[in-house]
Structures are given as C-alpha cells and as structure tokens.
Amino acid sequence: MNPISSQTHALSINPANGETVASYPYETEAQLDAALTRSINAFRNGRNTPVAQRAELLLALASTLRDQAEEMAQMITLEMGKPIAQARGEIEKCAQLAEWYAAHGPAMLAPEATLVDNGTAQIEYRPLGPILAVMPWNFPVWQVLRGAVPTMLSGNTYVLKHAPNVMGSAYLMKQAFQRAGFADGLFEVINVTQDGVSKAIADPRIAAVTLTGSVRAGMAIGSQAGAALKKCVLELGGSDPFIVLNDANLDEAVQAALIGRFQNSGQVCAAAKRLIIEAGVVEAFTAKFLEASRNLVMGDPTASETYIGPMARFDLRDELDGQVQATLAEGATLLLGGHKVEGAGNFYAPTVLANVTDQMTSFRQELFGPVASIITARDADHAVALANDSEFGLTASVFTTDPEKARHIANQLETGGIFINAYSVSDPRVSFGGVKKSGFGRELSHFGVREFCNAQTVWLNRR
C-alpha cells in the first residue's frame with residue numbers, strides 16, 4: 001500500500017536551529033479509510049449520548065490538558081518556535097475553554113420551544129456527523145480545540161488534519177482525549193497531503209468541513225466542500241486595523257498594540273497589522289511604540305524571558321522579508337529592524353515601518369510576522385475609511401476615551417469583531433470569525449456549539 005501522494009513524510013523542523021525534530025509518514029488510503037470508519041462508527045454509537053455526559057468528558061479533558069501541559073508546551077515551542085511562556089499559556093487557555101463549555105454549553109443545546117397554530121413546535125439541535133478540520137500551525141493546540149470542544153459537545157466527531165510541521169502536537173492532543181476517556185474515533189488525527197484532504201472531503205462519511213488558514217487554502221477547501229454539498233466554516237487571513245484616535249490613552253494603546261502586533265512573533269490572523277493613528281497623536285504614539293518595540297526580547301524560545309521567537313517556517317520568513325523590502329522601496333520609513341537575523345535559526349528582527357500609505361505592500365497585503373506598519377489618518381472618518389479599505393475583515397481595535405465615538409466607529413467597521421480599547425482576542429464567551437476574504441461562519445460562543453448542527457424543527461399538531 002502506498003501513501004495517497006508521492007510525498008512520503010511530514011517533517012517537523014525546529015525553527016530555532018533548523019534541525020529536523022521528527023518525520024511522520026503520510027498515511028495510505030487504507031489508513032485514511034480506517035480513520036474515517038472509526039469516526040463514523042463513533043458518531044453513530046455516541047450521537048444520542050446525553051449532553052451532560054459529554055460535558056463531564058470535557059472536564060476530564062481540562063484536567064488531562066493540565067497534566068500534560070508542560071509536555072505539550074515544550075512540543076509547541078520545539079515544532080513552531082513559540083516562546084515557552086506563551087506556549088504554556090496556550091495550554092491553560094485550552095483547559096479553561098473545556099471547562100467553560102462544560103459549564104455553559106449544555107444550555108446552548110437545549111430544545112427551543114415555541115407556540116404555533118393548533119400545536120407546539122421546538123427547534124432541536126442535532127449533530128451532523130464527522131467534521132473534517134484542516135488546521136494551521138500558529139496555535140497548534142488552541143486553534144484545534146476551540147473548534148473541537150464545542151463541535152464534539154454537540155455530538156459530532158472530529159477528524160483533524162493538522163499542519164505537517166506540528167504533527168507532534170496533533171498526536172499529543174489525541175493522547176489527551178484518550179486519557180480523558182473519550183471513546184475511540186471521537187477525535188481522530190489523519191496525516192495526509194492535499195490529495196488526502198480532497199479524498200476526505202469527497203467521502204460521504206465526512207459531514208462538513210472547517211478550515212483555518214490562508215485565503216488560497218480557503219478557496220480550495222471551500223470549492224471542494226461546495227462541490228460535495230457540504231457545509232464549511234472558513235477562518236482565513238486578516239490585516240486587522242488598530243485605530244488610535246487623538247483622545248486615546250496613549251500608554252494603554254501602545255501596550256495593547258505591542259501585544260496585539262508581536263505576540264506569537266506576529267504570527268496571528270487577528271493581529272494588529274495596520275496601526276492607523278490619527279494625525280494629532282501619530283508622532284507621540286510612534287515614539288512610545290518604537291521605544292517599547294526596542295525593548296522586546298528576541299531569542300531562544302525555551303527561555304522564559306523571550307517574547308519573540310523564530311518564525312515557524314523558513315519560506316514564510318523569506319516571503320515576509322520580501323514584503324518589507326517592497327514596502328520600503330515604495331517609500332515607507334524604516335524605524336526598526338527590517339531584516340533577517342543571521343544564523344541557523346529562522347529569526348526576523350522586530351520591525352516598525354512608518355509613513356505607510358494605502359498603496360503600499362504592507363497596507364494591501366497580510367504580513368504574517370513581527371512587522372508593524374504605522375499609517376497616519378487625517379481624522380476619525382479617514383481612519384474608518386482606511387480600516388475598511390482592505391479585502392480582509394477579521395477583527396479591529398479602536399482606542400478612544402469617548403464611548404459614543406467608539407460606538408459610532410464600531411458601527412461602520414467591516415469586520416467580524418471589534419475591540420474597543422483592547423487588542424483582539426478569541427474567547428469562548430464571544431463569537432469569532434470574519435467577513436470578506438477573512439472567511440465565513442463562526443467559532444466559539446453558542447455559534448460554535450450549533451455551527452455543525454442540524455437545527456431540526458419538531459412540530460406536534462394537536463387534533
């Protein structure tokens with residue numbers, strides 16, 4: 001039996017030194033078939049399990065994640081270079097996610113009754129079946145579990161196709177589900193190439209598809225899911241605006257911009273990529289932001305004091321550097337960084353670009369790395385126009401001390417989420433997702449629980 005593609009292995013490479021961590025053989029067609037069979041059987045056997053019982057399993061998962069936290073955090077840091085303190089925080093966030101859904105999720109799945117003529121009716125939320133999840137490397141555990149936890153609570157099974165460079169994290173998650181007591185097949189991991197993904201989407205055992213990734217990947221997966229008449233949720237790229245108005249608290253805005261742009265070495269879909277600053281404070285904001293950026297500690301991701309580690313993939317560092325150099329050639333001002341760091345590791349210097357305009361590369365494209373672009377807005381209306389002048393629409397931030405002005409601006413922004421006097425986050429209490437080329441569908445909150453459910457009408461007619 002041969003792998004589904006001519007490619008034979010997924011490689012995990014330590015971006016801090018360029019050394020190969022592990023090599024995972026791609027699965028054969030027979031192995032993929034077996035995984036899908038386990039998933040559909042688990043769905044059929046467990047679809048009527050009481051939701052309270054599923055919630056208990058989530059509490060066990062939270063405990064198991066904490067038991068495995070250091071092992072999982074070290075794997076994240078090894079495979080994709082996330083600073084260890086941030087990796088540990090990612091695992092704890094996942095444990096809290098499981099606990100939150102265990103406490104609040106069951107109520108979201110309760111039947112919704114209503115009166116109708118000559119009878120009663122209610123909406124009941126029924127699971128669809130095995131959900132194929134194609135996930136990225138930047139939050140190797142959180143990106144997966146923020147979808148898997150609510151999806152599995154509602155009775156679906158979950159088939160994970162993870163990014164090839166973080167397969168170690170994928171298998172540790174599967175281990176966590178097993179140790180928590182989840183039945184075989186409820187959480188499956190498939191190590192396949194794009195050909196394998198296509199086969200899985202077309203397979204009748206897969207009920208729906210979710211993807212977090214690039215616009216190009218979203219277009220490919222979305223078209224295949226559409227051709228198979230299967231629902232899909234797409235969480236794609238972003239070039240999120242971070243608006244600072246003249247009346248903002250600059251110290252708070254600078255601190256939020258620093259985290260919002262440079263956390264996870266800038267490799268976040270919902271990062272503060274375009275810093276749109278009103279003209280009256282752009283000079284002061286830039287000075288404060290530049291000073292704070294200079295103080296960021298970059299280096300060994302296993303060191304607790306490190307805030308910026310290596311970029312996860314060498315090809316993506318090359319792409320980022322090309323975007324920075326193009327922006328500089330177009331007339332932007334380089335205030336900090338702007339270059340690859342010499343050595344075996346995949347480091348890119350924290351970079352601040354000023355005098356960026358709406359025609360430049362770093363404005364028009366998504367920069368997925370530690371690069372901040374500062375854009376000057378004439379006034380609040382111009383800031384909104386600049387923010388909306390993008391093919392993306394994931395999240396946005398607005399900093400102002402005027403609540404009425406903040407609400408007015410929020411009502412005009414074309415994004416899935418708006419954070420007033422805060423940087424963007426994903427949190428189980430609120431929905432997460434985008435518009436325009438940032439995708440469609442929602443994760444988290446009650447949307448995440450119901451997204452892959454059949455909202456089934458049950459009408460009882462009284463004679």
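Contact, in these entries, means heavy atoms within 4.5 Å.

**Entry 1: Ground rules**

I worked from a predicted model, in which local features need pLDDT of at least 70 and side-chain atom pairs count only at pLDDT 80 or more, while totals for chains, interfaces and linings use all residues. Residues are numbered from 1 along each chain as its sequence is written, and side-chain values use heavy atoms, with hydrogens and water left out. Helices (H or I, at least four residues) and strands (E, at least two) are DSSP runs numbered from the N terminus.

**Entry 2: Gln323**

I looked up Gln323 and found it in helix H11, residues 314-329. I noted its relative accessible area of 7%, so Gln323 is buried. Buried means under 20% relative accessible area, exposed over 50%, and partly exposed in between, with a 1.4 Å probe and protein chains only. Setting aside residues up to four places away in sequence, I listed Thr361, Gln365, Glu366 and Leu367 as the residues that Gln323 touches. I also checked Met311: Gln323 is twelve residues from Met311 in sequence, and their C-alpha atoms are 15 Å apart in space.

**Entry 3: Helices H2 and H5**

I next examined how helix H2 (residues 51-67) packs with helix H5 (residues 142-153), and found an angle of about 155° and axes 9 Å apart. Axes are lines fitted to C-alpha atoms, for helices over the stretch in contact, and angles run from 0 to 180 degrees between N-to-C directions. H2 and H5 are therefore roughly antiparallel to each other. Angles under 35 degrees count as roughly parallel, over 145 as roughly antiparallel, 65 to 115 as roughly perpendicular and the rest as oblique. On the H2 side I recorded Val51, Arg54, Ala55, Leu58, Leu61 and Leu65, and on the H5 side Leu145, Val149, Met152 and Leu153. The contact of H2 with H5 has nine nonpolar, no polar and one charged residues. In this classification Ala, Val, Leu, Ile, Met, Phe, Trp, Tyr, Cys and Pro count as nonpolar, Asp, Glu, Lys and Arg as charged, and the others, Gly among them, as polar.

I then turned to H3, which has twelve residues and reaches 16 Å from its first C-alpha to its last. This is close to the 16 Å expected at 1.5 Å a residue, where the expected span is 1.5 Å times one less than the number of residues. Which residues of H3 are buried? I listed Met72, Ala73, Met75, Ile76, Thr77, Glu79 and Met80. These buried residues pack against strand E1 (9-13), strand E2 (20-25), H2, H4 and helix H6 (167-179). Gly81 follows H3 and has a positive phi, near 85°.

The axes of H3 (residues 69-80) and H4 (residues 84-108) come within 8 Å and cross at roughly 130°. That makes H3 oblique to H4. I noted the crossing as right-handed; a crossing is left-handed if the near helix is turned anticlockwise from the far one by less than a right angle, and right-handed if clockwise. In H3, Ala69, Glu70, Met72, Ala73, Gln74, Ile76 and Thr77 meet Ile84, Ala87, Arg88, Glu90 and Ile91 of H4. By class I recorded seven nonpolar, two polar and three charged residues in the contact of H3 with H4.

**Entry 4: Helices H9 and H10**

For H9 and H10 (residues 282-294), I found that the axes come within 10 Å and cross at roughly 50°. That makes H9 oblique to H10. I noted this crossing of H9 and H10 as right-handed. Leu250, Asp251, Ala253, Val254, Ala257, Leu258 and Phe262 of H9 meet Ala284, Phe285, Lys288, Phe289, Ala292 and Ser293 of H10. The contact of H9 with H10 has ten nonpolar, one polar and two charged residues.

Most residues other than glycine have a negative phi. Asn264 sits in the loop between helix H9 (250-262) and strand E11 (272-278). Lys436, also not a glycine, has a positive phi of about 55°. I placed Lys436 in strand E18, residues 435-436, and found it partly exposed, with a relative accessible area of 37%.

**Entry 5: Tyr423**

Finally, I located Tyr423 in the loop between strand E17 (417-420) and E18. Is Tyr423 buried or partly exposed? At 26% relative accessibility, Tyr423 counts as partly exposed. Beyond its neighbours within four places in sequence, Tyr423 is in contact with Phe242, Ala256, Ile259, Gly260, Gln263, Ser397 and Phe399.
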